[in-house]
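Have the sequence and structure at hand as you read.

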There are 2 protein chains.
Amino acid sequence: MPNRITELFDIRYPVVQGGMIWCAGWELASAVSNAGGLGVIGSGSMYPEVLRVHIKKCKQATPHPFAVNVPLLYPNIEEHMQTIVDEKVPVAFTSAGNPKAWTSFLKAHGVKVVHVVSSVKFALKAEQAGVDALVAEGFEAGGHNGREETTTLCLIPMIADAVKVPLLAAGGIGTGRAMAAVMSLGADGVQIGSRFVASEESSAHLHFKNKVVATREGDTALTLKELAPVRLIKNAFYDQLTAAYKKGTDTEELKNILGRSRAKKGMFQGDLTEGELEIGQVSGQISAIKPARQILCDIIAGYEEVMEEIRQQAHSRFCF
Amino acid sequence: MPNRITELFDIRYPVVQGGMIWCAGWELASAVSNAGGLGVIGSGSMYPEVLRVHIKKCKQATPHPFAVNVPLLYPNIEEHMQTIVDEKVPVAFTSAGNPKAWTSFLKAHGVKVVHVVSSVKFALKAEQAGVDALVAEGFEAGGHNGREETTTLCLIPMIADAVKVPLLAAGGIGTGRAMAAVMSLGADGVQIGSRFVASEESSAHLHFKNKVVATREGDTALTLKELAPVRLIKNAFYDQLTAAYKKGTDTEELKNILGRSRAKKGMFQGDLTEGELEIGQVSGQISAIKPARQILCDIIAGYEEVMEEIRQQAHSRFCF
């Protein structure tokens with residue numbers, strides 16, 4: 001499947017694993033890269049020295065390219081960026097901030113830069129900042145999310161028309177059918193987060209992985225829109241937020257309810273009641289924890305099945 | 001393109017026009033049916049005697065099958081249903097209510113029944129009620145919408161897996177690329193609303209049609225979730241709702257702000273400030289008012305283009 005994304009990253013399949021906080025360490029990233037995709041270490045939940053260890057271990061575990069995801073609001077961002085450059089990480093994914101801030105620095109040191117956006121406006125800004133590729137992430141995605149609430153189905157064709165750089169679709173993709181769908185819309189590849197949360201190599205707590213498997217349609221919601229919109233599983237913590245919204249609330253109170261380390265508590269420590277359980281709507285389609293290699297294999301096989309179905313349909317062209 | 005949907009409705013293309021209130025009269029429905037799709041009269045904004053006139057005119061304007069959409073919360077629903085049966089309308093689309101209520105009656109009189117759902121749970125209920133097909137409508141759709149906020153990309157594969165009846169995808173579809181995408185996800189056809197609002201034959205006010213053309217990404221929102229969730233263009237009326245939410249509100253106050261005839265005021269009378277302007281996220285991709293036949297032709301041509309691209313790619317199968 002050679003295309004602009006496989007050539008840019010030097011990988012076999014145009015499938016990138018999302019760099020999810022608390023889930024995407026070196027074990028998951030190296031497993032995905034070894035299987036022919038692009039593995040991504042999620043640095044947003046790592047202290048600078050922890051990130052360095054994960055990068056070193058990832059290099060030992062795979063001869064293939066991998067990436068690091070850095071949320072641009074990370075407090076010790078200078079240290080993270082220096083680590084990426086020092087360790088010659090081939091690709092950096094940046095999100096949640098201004099793409100102008102770090103793109104030149106990274107590119108000057110030979111690191112390819114991909115920026116995550118959720119609107120046409122920010123896609124154009126990122127392209128102008130010189131990024132090598134974009135991830136466009138729709139409303140159905142897990143974790144932090146755009147304010148416009150544009151879904152993947154609506155977002156991808158608009159961004160594909162607006163920019164020239166290669167485009168990865170994210171949000172709602174966990175199967176080969178969904179990969180085929182977004183490729184039809186103009187994406188050059190996919191970024192998949194939630195499906196890899198429920199992988200054997202994910203560092204998420206087993207309670208959280210099992211909860212993802214049990215999650216059904218309608219069990220997630222986008223909330224905390226006044227702070228930074230985030231999609232999570234509805235649980236007791238979410239009910240607290242809902243109660244606050246119902247009686248009328250403000251950002252101060254929401255910050256107090258959120259407190260600190262909610263995501264760690266839920267996703268890494270397995271507190272399903274009080275923790276913040278970030279996952280996408282596609283969790284409703286996830287029914288088992290699997291090895292990352294198997295997940296990638298299933299996705300490619302499912303994608304090829306759709307392509308074969310279309311190839312076997314009789315040629316038909318209509319005009320009026 | 002013969003498939004389960006074209007055979008069920010006896011139409012050329014598996015494209016159904018949405019029966020939008022204030023927009024979908026006999027002019028639009030007959031134009032779509034004459035072009036090879038299934039035109040649908042939207043009865044939700046019509047008095048019983050007005051619906052009868054539209055059906056009679058539609059029959060005169062096209063020899064092809066067409067349908068009537070009936071929201072099940074319509075106050076004079078008995079009269080609407082009797083009119084559909086009396087006039088031997090081939091297909092009825094029902095929405096916003098219990099599919100058990102009218103399916104047997106309609107089917108006993110030879111009317112095919114399609115029910116609109118936004119979740120797997122309601123898809124199963126409708127199938128059990130004996131409907132001939134389903135429309136599954138995602139979060140990005142305009143007008144009234146599901147509470148689960150599941151997007152089309154996530155909803156279609158889950159419903160396609162859960163039911164046996166033919167499935168139309170709706171929400172976010174206005175182009176052949178999007179049609180190809182949802183067909184990859186397991187849909188047998190599409191229902192398209194917003195794109196046909198901005199058609200020459202739509203009975204929407206010209207001010208509203210021009211507003212739809214001017215609407216860009218992020219200009220719509222899903223609101224009034226406490227009453228019945230509805231997607232509309234952000235305008236002065238929407239700002240009133242936002243202000244109420246900000247200070248804390250209840251359903252009583254929301255009902256008062258909404259008042260009566262907001263949708264008529266906006267969509268039919270062209271009041272872009274105080275009216276309710278129902279439209280989907282796909283409005284961001286609509287750049288001209290066109291004849292319905294041209295819209296359908298563009299969609300089929302775009303769909304065929306995607307199919308051709310895939311057919312021309314070299315056969316490639318991967319395994320690990």
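Here we look at a sheet and then at a pair of helices.

This is a predicted model, where local features need pLDDT of at least 70, side-chain atom pairs count only at pLDDT 80 or more, and totals for chains, interfaces and linings use all residues. Residues are numbered from 1 along each chain as its sequence is written, while chains are lettered from A and ligands numbered from 1 in the order in which they are written.

Helices (H or I, at least four residues) and strands (E, at least two) are DSSP runs, numbered from the N terminus. These are the elements to find:

| Element | Residues |
|---|---|
| α2 (chain A) | 26-34 |
| α14 (chain A) | 292-312 |
| β4 (chain A) | 91-95 |
| β5 (chain A) | 112-117 |

In chain A, eight strands form an open sheet with parallel pairing, in the order β1-β9-β8-β6-β5-β4-β3-β2. Two strands pair if DSSP finds at least two bridges between them. At the edges, β1 and β2 of chain A each pair on one side only. Within the sheet, β4 and β5 of chain A are joined in the parallel sense over four bridges, and A:F93 stands opposite A:V114 in β5(A).

Now the helices. The axes (lines fitted to C-alpha atoms, for helices over the stretch in contact) of α2(A) and α14(A) come within 8 Å and cross at roughly 40°. Angles run from 0 to 180 degrees between N-to-C directions. Under 35 degrees counts as roughly parallel, over 145 as roughly antiparallel, 65 to 115 as roughly perpendicular and the rest as oblique, so α2(A) and α14(A) are oblique to each other.
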